[in-house]
Amino acid sequence: MTNEIILAKIDGFVEELKELGVADIVIAAGNDEGFFSVKYSGDYRGISYLAMSSLMNIMFDSMQEIALEMKEDGRENYR
């Protein structure tokens, strides 16, 4: 898919969500070919809250994965 098609699909989805009554929207997309897009709509306070909440959730999820890997593999004590 070309970047223009991807952006058109994102714009269409944002419009559908608005029609359903969603007031604040943050969507980020990317791929291995270097495509990156962030689309947001709504009140800046709501958008900021969504973006920061998403960041925190992603960070906590990644930390849990790291902790599970260390727990399963063990850790050598280098003291």
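Predicted model: local features only at pLDDT ≥ 70, side-chain atom pairs only at ≥ 80, totals over all residues.

Trainee: Then take Ala-23: is it buried or exposed?

Mentor: Ala-23 sits in the loop between helix 1 and strand 1. The relative accessibility of Ala-23 is 54% and the cut-off is over 50%, so Ala-23 counts as exposed.

Trainee: Which residues is Ala-23 in contact with, leaving aside neighbours within four places in sequence?

Mentor: Start with the loop between helix 1 and strand 1, where Ala-23 is found. Once the neighbours within four places are set aside, the partners in contact are Ser-41 and Gly-42.

Trainee: And how far apart in space are Ala-23 and Ile-47, C-alpha to C-alpha?

Mentor: In sequence, 24 residues separate the two. In space, the C-alpha to C-alpha distance between Ala-23 and Ile-47 is 9.4 Å.

Trainee: Let me zoom out. What pattern does the chain follow along the sequence?

Mentor: The secondary structure amounts to two helices and two strands. Helix 1 covers residues 3-19, strand 1 covers 25-30, strand 2 covers 36-41 and helix 2 covers 44-73. Reading along the sequence, that gives α-β-β-α.

Trainee: Which element has the lowest mean pLDDT?

Mentor: The chain as a whole averages a pLDDT of 85, with 80% of the residues scoring at least 70. Among the elements, helix 1 has the highest mean, 93, while the lowest, 82, belongs to helix 2.

Trainee: Now the inside. Which element gives the largest share of the largest nonpolar core?

Mentor: That core has seven residues: Ile-6, Ile-10, Val-14, Leu-17, Ile-25, Ile-27 and Phe-35. The largest share, four residues, comes from helix 1.

Trainee: What about Ser-37, buried or exposed?

Mentor: Ser-37 lies in strand 2. Not counting residues up to four places away, Ser-37 touches Leu-7, Ile-10, Ile-27, Ala-28 and Ala-29. The relative accessible area of Ser-37 is 10% and the cut-off for burial is under 20%, so Ser-37 is buried.

Trainee: On to charges. Which residue forms a salt bridge with Asp-11?

Mentor: Side chains of opposite charge can pair when their charged atoms come close. A search of the whole structure turns up three salt bridges. In the one with Asp-11, the closest N and O atoms are 3.1 Å apart, and the partner is Lys-39. That pair links distant parts of the chain, 28 residues apart, with Asp-11 in helix 1 and Lys-39 in strand 2.

Trainee: Why are Lys-18 and Glu-15 separated by about one helical turn?

Mentor: These two form a salt bridge, with the closest N and O atoms 3.7 Å apart. Lys-18 is partly exposed at 38% relative accessibility, and Glu-15 is partly exposed at 41%. Because they're three residues apart in helix 1, the separation is about one helical turn.

Trainee: How far apart are the closest N and O atoms of Arg-45 and Asp-43?

Mentor: Arg-45 counts as exposed, at 55% relative accessibility. Asp-43 counts as partly exposed, at 32%. The two form a salt bridge in which the closest N and O atoms are 3.0 Å apart.

Trainee: Last one, the surface. What is the area of the nonpolar patch that includes Met-59?

Mentor: Met-59 lies in helix 2 and is partly exposed, with a relative accessible area of 40%. The patch is made by Met-52, Leu-55, Met-56, Met-59 and Phe-60. For context, the accessible surface of the chain is about 6900 Å², with 56% of that belonging to carbon and sulfur atoms. The patch itself comes to about 470 Å².

Technical notes. Residues numbered from 1 in each chain as written. Heavy atoms only, no water. Patch = residues over 30% accessible without salt bridge, like charges linked within 9 Å, V, L, I, M, F, W, Y side chains within 5 Å. Areas by Shrake-Rupley, 256 points an atom, 1.4 Å probe, with all protein chains shown as cover. Salt bridge = Lys/Arg side-chain N within 4 Å of Asp/Glu carboxyl O. Buried < 20%, exposed > 50% of the residue type's maximum accessible area, 1.4 Å probe, protein only. pLDDT = per-residue confidence, 0-100. Contact = heavy atoms within 4.5 Å. Core = buried A, V, L, I, M, F, W, Y, C linked by side-chain atoms within 4.5 Å.
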